[in-house]
Amino acid sequence: MVSALARWRGQPEKRSGFRRGFPGFFRSHGEMDRCEEEYMLHLAAEFARFKNLMVLWAMHPWERDARLAHHVLHQGHPAAVAVEVACTRSADELLGARRAYQALYHHSLEEDVAYRARDKPYCNLLVGLVSAYRYEGPRVNEEVARAEAKALGAAVRSAGGGKPLAVENDEVVRILSTRSKPHLVETLRHYKEIHGRGLEEDLGGHGREEETTALLLEAVLCLAAPAKYFSQVMEAALRDGADQHEKDALTRVAVTRSDRDMDEIRAAYQEQFGAKLEDAIAAKAHGHYRDALLSLVGAHHHQ
């Protein structure tokens with residue numbers, strides 16, 4: 001198209017032939033070829049998605065995460081995005097995002113979360129998550145992990161009936177916002193041994209305050225099973241009827257995880273949904289946006 005701008009100067013018949021050659025874009029309307037409005041809106045959306053992908057990809061990861069968190073707090077984006085940033089980055093990456101947030105917005109991320117989410121039951125948990133600087137070594141105290149699995153079980157089972165939700169429980173907040181990721185993996189293993197089912201299943205069974213329970217579940221998955229979490233986010237983005245925030249997540253996850261754990265995400269997607277992630281993307285996305293997504297998920301490398 002760019003080369004055609006130069007080659008077709010002064011030749012309006014070339015553009016007329018172009019319009020006739022693309023009936024999906026144009027249809028005859030009297031003496032002119034009229035744009036198909038629905039198709040053009042769709043095309044504009046695809047160009048916008050491609051632009052957003054390239055801007056996110058080009059950013060420094062700290063700035064990108066700071067801006068993603070700011071969109072949650074100031075533009076009504078889902079709180080799950082802040083959970084992603086807090087729980088799937090390394091300790092130094094999260095610290096870098098917090099430094100970038102201060103440089104960009106002249107507030108700390110923690111104070112903005114505490115203020116903007118002050119009326120939410122999950123406020124203390126979210127503040128704890130974005131404030132964390134976790135130990136990243138391999139050591140785990142099995143006795144403590146088992147004791148904390150029991151504490152999590154007690155908090156989940158006592159929730160409801162007028163009592164505080166699990167996400168409001170001080171022990172739940174302390175465990176999820178301070179323990180290392182290997183420790184939490186062991187804690188969840190003990191939880192399943194003790195209670196006969198996983199914490200993920202127990203949280204899925206509590207319908208009260210659905211948004212709040214969902215955020216707690218997202219935090220657990222992001223900390224202990226990030227590939228599973230991100231594969232679920234991408235599957236939701238590719239469904240028919242996905243809303244705008246869900247569609248935006250496809251770009252966000254492809255960009256932020258491409259250099260990290262995309263192979264694990266693709267494997268988790270296949271295991272959970274019985275299909276290849278790259279095939280689902282190829283069937284739903286279009287044009288350069290589709291090609292960029294496929295490049296980020298590594299599809300071309302594996303073909």
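**Close-up views of a predicted model**

**Figure 1. Where helix α9 meets helix α11.** On the α9 side, the residues that touch α11 are E142, V144, A145, R146, E148, A149, K150, L152, G153, V156 and R157, and their partners in α11 are H183, E186, T187, R189, H190, Y191, E193, I194 and H195. Sorted by type, the residues of this contact between α9 and α11 are seven nonpolar, five polar and eight charged. Please keep in mind that this is a predicted model. To describe two packed helices, one gives the angle between their axes and the distance between the axes. Here, α9 covers residues 142–158 and α11 covers residues 181–195; the two pack at an angle of about 60°, and their axes are 8 Å apart. Because of that angle, α9 counts as oblique to α11. The crossing of α9 past α11 is right-handed.

**Figure 2. The contact between helices α8 and α10.** How do the axes of α8 and α10 lie relative to each other? They come within 8 Å and cross at roughly 20°, an angle under 35 degrees, so α8 is roughly parallel to α10. As α8 passes α10, the crossing is right-handed. The contact itself brings together N124, L125, G128 and L129 from α8 with V173, L176 and S177 from α10. Count the residue types in this contact of α8 with α10 and you will find four nonpolar, three polar and no charged.

**Figure 3. The buried side of helix α8.** Stay with α8, which runs over residues 123–131, and look for its buried residues: C123, L125, L126, G128, L129 and V130. Which helices do these buried residues pack against? The partners of the buried residues of α8 are α5 (79–88), α6 (91–105), α7 (109–116), α10 (170–178) and α13 (210–224).

**Figure 4. Cysteines without disulfides.** A disulfide is a covalent bond between the sulfur atoms of two cysteines. How many disulfides does the structure hold? The number is zero. C123 takes part in no disulfide, and the nearest cysteine sulfur, belonging to C87, is 15 Å away. With a relative accessible area of 10%, C123 is buried.

Figure 5. Although H106 is not a glycine, it has a positive phi of about 60°. Is H106 buried or exposed? Its relative accessibility is 67%, so H106 counts as exposed.

**Figure 6. Stepping back to the whole chain.** The protein chain contains 19 helices and two strands. Along the principal axes, its C-alpha atoms fill a box of roughly 80 × 45 × 40 Å. Of the 303 residues in the chain, 42% are buried. Take the contacts between residues at least 6 apart in sequence: 65% of these join residues at least 24 apart.

How values were computed
Residues are numbered from 1 along each chain as its sequence is written. This is a predicted model: local features need pLDDT of at least 70, side-chain atom pairs count only at pLDDT 80 or more; totals for chains, interfaces and linings use all residues. Side-chain values use heavy atoms; hydrogens and water are left out. Axes are lines fitted to C-alpha atoms, for helices over the stretch in contact, and angles run from 0 to 180 degrees between N-to-C directions. Helices (H or I, at least four residues) and strands (E, at least two) are DSSP runs, numbered from the N terminus. Angles under 35 degrees count as roughly parallel, over 145 as roughly antiparallel, 65 to 115 as roughly perpendicular and the rest as oblique. A crossing is left-handed if the near helix is turned anticlockwise from the far one by less than a right angle, and right-handed if clockwise. Contact means heavy atoms within 4.5 Å. Ala, Val, Leu, Ile, Met, Phe, Trp, Tyr, Cys and Pro count as nonpolar, Asp, Glu, Lys and Arg as charged, and the others, Gly among them, as polar. A disulfide is a pair of cysteine sulfur atoms within 2.5 Å. Buried means under 20% relative accessible area, exposed over 50%, partly exposed in between (1.4 Å probe, protein chains only).
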